[in-house]
2 protein chains.
Amino acid sequence: MLQAEKNFGILTDDIIQQIEGIVGKSNYSTTLAERELHSKDQSMYPPSPPDIVVWVETTKHVSNLLQLANTHRIPVTPWGVGTSLEGNPMPIYGGILISFQKMAQIIETYTDDFQVTVQPGIGYKDLNGTLARQGLFFPPDPGANATIGGMIANNAAGIRTVKYGATRDNVLSLQVVLADGRILRVGSRSVKQSSGYDLLHLITGSEGTLGIITEATLKLAPIAEHKIAVQAVFDSVAQAVETVVAVRGSGLDPVALEFIDTYMARMMNNNPNVDLAESPQLFMEFHATHEDALNQTIEFITEICSDIGAHKIHATADTKERANLWYARHHALESFQRTHPGKRAYLNDVAVPISAYPDLINFIHTLRETAPLPAYMLGHAGDGNIHVIFPFGDEEEYKIASELNAQVVEQAIAMGGTATGEHGVGIGKSRFMAQEHGDALDVMWSIKQTLDPNGILNPGKIFRD
Amino acid sequence: MLQAEKNFGILTDDIIQQIEGIVGKSNYSTTLAERELHSKDQSMYPPSPPDIVVWVETTKHVSNLLQLANTHRIPVTPWGVGTSLEGNPMPIYGGILISFQKMAQIIETYTDDFQVTVQPGIGYKDLNGTLARQGLFFPPDPGANATIGGMIANNAAGIRTVKYGATRDNVLSLQVVLADGRILRVGSRSVKQSSGYDLLHLITGSEGTLGIITEATLKLAPIAEHKIAVQAVFDSVAQAVETVVAVRGSGLDPVALEFIDTYMARMMNNNPNVDLAESPQLFMEFHATHEDALNQTIEFITEICSDIGAHKIHATADTKERANLWYARHHALESFQRTHPGKRAYLNDVAVPISAYPDLINFIHTLRETAPLPAYMLGHAGDGNIHVIFPFGDEEEYKIASELNAQVVEQAIAMGGTATGEHGVGIGKSRFMAQEHGDALDVMWSIKQTLDPNGILNPGKIFRD
């Protein structure tokens, strides 16, 4: 019915035959099993299977598929590995799902340039595993083993963004296939470019709605030799968050600056390998090329945290201790499942200017006091980004979580912030776009219509139906 | 005649009356003197006066002017202070020139966020003069006293880009007026945002062809306490350029990494205050929060330069000596005028991946051997950016310079680089756009047509007529 409203075409046997002609017999499936495997990401939305799953092997496959789909107005949704958190690659209008599982190669590493060119289906952890041999890595780290294509589509970020920026800041050049099958190159391997419109950043974060990425050249960074992790525990949320602002203003250059509230710490302790103080706290990481610089950093950060009133500060350069500290953070989702068996997580992703962070956290803290659901906070505090997690078990609780989420989002937007710091708009946040962007949303829509007049590319995302 | 071809309207007395109604009697002029003052920037193109100069004081002025101009299809060109180098704000189809001279205020400084919101007409040096009191600065430094609006429109860069990025990397949010008068806000004061299409970066670098910037929120950086300047002199261009690649790969984080060839050094010596070795050389600058770190840097950089064969290395933390070193670089244009009195500079601005930089420099070096004009090289080597300067005195020499420039540009593009690293496309580089961007240029054009269907915004720039 929704498809009919959008005037989408139907995937006929004839079209399936043409798809077979493009990608070959072994590269598509209409079985229920495969369709279900590609029906949902890690978000909380109900599954929605595509009509057909197609595994592409070349850019030409993608181009030919899009020409075909465009002619017949069949929806096309690109798919990396489904680790996204906002339903971004869910084919909610069915149609063709393009999997990049078979386009997962490193094409070329440019060691002198600190760059690598890859196919979109490669997982960033797999990429970094290979790059480690050359002492390099691709900094954005959204967790799980997200594919590079998905990370670019969603402008994914993660823990290290406070130092290295989001995916947007680490992409140099893309090959993109438009809805009509045209193949473009945008951006440049030259780090400096002032040559016409910045299509690179227009495509990055457009969630597959403007074009499909088939190749990407990424910026790399050298792996630091000296690293310390710091845990600082406070009596109050206010102290912890005050420290975030102080660290950001100190001239120190944290690689990670994460906030965890008491409830979150308590939840994390439901993992036998974790033993955190049940108080508001910060996890930090600092890197340096010289050991001396690191010692100075430890001194400086200890002073900042003590002055504001941390009652425990633990700084360690030991690899194992560092891993232990981050273990709790990396296994947050697992702890959630132990704490709320059978429930799912409604995940919030607002971000605000750093000066507004204390007020935002305080707003959520107050909201929680009267909220009918538990609420846990953990966030990339160094970027002004917070995730509030509401557990829900049924439709009633989902509605409550959704309403609480809306209150937090509206507060963040009112503070000059955004509905989504790193998960993208996907399905659930399109309802906040008019509020956040005003008339700029109309301009986004006009660009969408210009590049994809039939609306076949990942329909139902970013813009409200 | 050109206006007629583009189907532009004529600025009638009635429209001038309406302009007076919008901005007031004292905020416009049709005198020849004012029109000539706004007829050219610092590029080598022949002057082209607007029909009217209008000084705006508010965003509403801009919005009302654009509605009027759009209705009557009158060209509109925004103007900062005219320091650009590619004719970017030259009103080559006449019409209305909007000067931002009277919109030059700092609106708000967000010290905790390291951000400032300004009007577009403020010069970045004036801005930095005020910000210095708070220990902050806006890093991009294109030279002269370019306005923030112009810097954003051209995605200007400069000497410090190797560390801090170009203007594009230091803009967070813009207020923009579209051709039809709509006022948009794009981007966010939240440093993290993954919320819809990146219109912020689409507008940045669009040279006033998609919309007119009326307000900007910028990222600031703390002024470093400890600074050193380093000069390293080599026997050969190859050694100097090899050092650039080595420094970029070393993990050191130069604030500036400039290359000057023998001819350029000799030219700079035509200034009584300059006394450079007449050999290929690098100027570098490094900053640090701790003095110790700076001493380690001096040791490390001295080792790198010596190993490659520098015959002179001078590192200094002394403020006066640092200023002396940079004096030569900052007065390059003055030295040009002393060396070639009465001639003008044809300025090239290509950039390539850093690994291709040695080959590019070698290409130019070889080209010079048979070139019928002198050629001087100075460049932001750390970014892979080089400026070749050809002096010309008449039309014949202009043609030769233009042809030499084309050879360098085509070589840079073939190496995966760009026709313009920091000056923008403006008038002269539109002829290389198809070669550099292929089908992506058509996409840029379709976006232009969508946002400015009458083509009134800064016509004749970026796209070839």
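**Helices on an open sheet**

Q: Which strands does helix H4 of chain A lie across?
A: Helix H4 (residues 59-72) of chain A lies across S2, S3 and strand S4 (96-99) of chain A, and runs at about 170° to S4(A). Helices (H or I, at least four residues) and strands (E, at least two) are DSSP runs, numbered from the N terminus. Axes are lines fitted to C-alpha atoms, for helices over the stretch in contact, with angles from 0 to 180 degrees between N-to-C directions.

Q: What am I looking at, and how's it numbered?
A: This is a predicted model: local features need pLDDT of at least 70, side-chain atom pairs count only at pLDDT 80 or more, and totals for chains, interfaces and linings use all residues. Residues are numbered from 1 along each chain as its sequence is written, while chains are lettered from A and ligands numbered from 1 in the order in which they are written.

Q: OK, what's the strand order in that sheet?
A: S1-S2-S4-S3 (chain A), an open sheet of 4 strands with mixed pairing. Two strands pair if DSSP finds at least two bridges between them.

Q: Which ones stand at the edges?
A: S1 (28-29) and S3 (76-79) of chain A; each has a single partner strand, so one side of each lacks a neighbour in the sheet.

Q: And S1(A) with S2: parallel or antiparallel?
A: Antiparallel, over 2 bridges, with S2 of chain A spanning residues 52-55. A:Tyr28 has A:Val54 as its bridge partner in S2(A).

Q: Switching topic: what rotation superposes chain B on chain A?
A: 180°, with 0.0 Å of shift along the axis and RMSD 0.0 Å, by least squares on the C-alpha atoms of residues with pLDDT of at least 70 in both. That's the relation of a two-fold axis.

Conventions: Two residues are in contact if their C-beta atoms, placed from the backbone, lie within 7 Å.
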